[in-house]
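Have the sequence and the 3D view open as you read.

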Amino acid sequence: MKEEIKAYNNVLELIGSTPLIKLNRITKDFPGSYYAKVEAFNPGHSSKDRIALYIIEQAEKKGILSPGDTIIETTSGNTGFSLAMVSIIKGYNCILAVTSKSSKDKIDMLRSLGAKVYVCPANVSADDERSYYNVAKRLHEETKGSVYINQYFNQLNIDAHYFSTGPEIWDQTAGKITHLVACSGTGGTISGVAKFLKEKNPNIKILGVDAFGSVLKKYHETKEFDTDEIYPYRIEGIGKNLIPTATDFDSIDKFMKVTDEESAHTAREIVKQEGLFVGYTSGAALQAVKQFAKEGEFTTESNVVVIFPDHGSRYMSKVFSDDWMNEQGFFDSINTEEAQKIEFIK
């Protein structure tokens, strides 16, 4: 009997089923057990592969998309990469409005995938005509046969994680998870996973991570959109200067804000302590874990799952660049030992 060739039909079949990896050294001083859901194992190296494939396939089922059409989206980089990757396989054009806060690495990757990229100023209000939200809307209006994904206000963003990431975490922990820690940007990941987990066990604590300079934490606590909370910050893919409807604030128990600097150092620490080369947002997520632990959130019985959203290769010109860290003032007398020591032999 002739053996069949064992191969995937295309790269999209690799999306999902990412591993849960125990954290050992970096969390050794905290009570409980800690596990990372490492989304960098998706083929597009981030959790955004899940929503890109799910939203596009839902649009196809509804007859909204046909081969040759154009997909348009706002992105800090990861969603754009995933949409561009899916577009290649499925035969769509891809136009992306990207914030200037996105790393050069991410922008170069998007262009390498054949996407048309518009880089928009990061430090403008959401209703400014130059904001990447409004640029994407304008491009959608001007482009015949286009679909605007609109992840910040798309229920399918939540559904993608409800049907994939949530069940995976529940199965991988054998239902023993006590806390989920996840960054919130569009809110799709934390909301979708939270919805699934809360249905399984309403006692599971859902802990969100926000950035200083973002409105999400205060809105969660007060239901007030406070523009005084908004100011420029460096972390990508976390926080917002608007309130995304893709965030189910009622499913989140508590938010923690983290700083640019501490998140950057923690991202570098994850690599050196755990050998996991993950991105800036992953550093933010684990920084929040540290802060929650110091506040006494966890006990010896806790099983904490923290979502690491993407791969460190997206940040080579940022947190993994000593020059960038120096330019931000992130190296000081305490942290200078983090800098790579390179010796040139002459």
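**Ground rules**

This is a predicted model, in which local features need pLDDT of at least 70 and side-chain atom pairs count only at pLDDT 80 or more, while totals for chains, interfaces and linings use all residues. Residues are numbered from 1 along each chain as its sequence is written, and side-chain values use heavy atoms, with hydrogens and water left out. Helices (H or I, at least four residues) and strands (E, at least two) are DSSP runs, numbered from the N terminus.

**The six-stranded sheet**

Let us begin with an open sheet of six strands in the order E1-E2-E10-E7-E8-E9, where the pairing is mixed. Its edges are strand E1 (20–23) and strand E9 (254–258), each of which pairs on one side only. Two strands count as paired if DSSP finds at least two bridges between them. On average, and with direction ignored, neighbouring strands of this sheet are turned by 25 degrees against each other. Angles are taken between N-to-C directions and run from 0 to 180 degrees, with axes being lines fitted to C-alpha atoms, for helices over the stretch in contact.

Strand E10 (residues 303–308) is worth a look. Six of its six residues are buried, so E10 is largely enclosed by the rest of the structure. Buried means under 20% relative accessible area, exposed means over 50%, and partly exposed is in between (1.4 Å probe, protein chains only). Asn-303, Val-305 and Ile-307 point one way from E10, whereas Val-304, Val-306 and Phe-308 point the other way.

E10 pairs with strand E2 (residues 33–38) in the parallel sense over six bridges, and Ala-36 has Val-306 of E10 as its bridge partner. E7 also runs parallel to E10, joined by three bridges. There, Leu-180 stands opposite Val-305 of E10, and Val-181 has Val-306 of E10 as its bridge partner.

**Helix H6 and what covers it**

Helix H6 (residues 165–172) has six buried residues out of eight, so H6 is largely enclosed by the rest of the structure. Those buried residues are Thr-165, Gly-166, Pro-167, Glu-168, Ile-169 and Trp-170. Their cover includes E2, helix H1 (48–61), helix H5 (155–163), E7, H7 and E10. Contact here means heavy atoms within 4.5 Å.

**The four-stranded sheet**

A second open sheet has four strands in the order E5-E4-E3-E6, with parallel pairing. Strand E5 (116–120) and strand E6 (146–148) are its edge strands, each pairing on one side only. Here neighbouring strands are turned by 20 degrees against each other on average, direction ignored. Strand E4 (residues 93–99) and E5 pair in the parallel sense over five bridges, and Leu-96 stands opposite Val-117 in E5. H2 lies across E3 and E4 and runs at about 165 degrees to E3.

Is Thr-70 buried or exposed? Thr-70, in strand E3 (residues 70–75), is buried, with a relative accessible area of 8%. Leaving aside neighbours within four places in sequence, Thr-70 is in contact with Asn-93, Cys-94, Ile-95, Thr-143, Gly-145, Ser-146 and Val-147.

**The largest pocket**

On a 1 Å grid over the protein atoms alone, a pocket is an open set of points where a 1.4 Å probe fits, with protein on both sides within 12 Å along at least five of seven lines; lining residues have an atom within 4 Å of a point. The largest pocket holds about 770 Å³ of space. Volume here is the space filled by probe spheres set on the points, which are joined across faces, edges and corners.

The lining has 49 residues, and Tyr-132, Tyr-233, Ile-238, Gly-239 and Lys-240 lie nearest the pocket's centre. Helix H2 (78–90), helix H4 (132–142), strand E7 (179–183) and helix H7 (188–200) each supply at least two lining residues. H7 gives the largest share, three residues. By type, the lining divides into 19 nonpolar, 23 polar and seven charged residues. Ala, Val, Leu, Ile, Met, Phe, Trp, Tyr, Cys and Pro count as nonpolar, Asp, Glu, Lys and Arg as charged, and the others, Gly among them, as polar.
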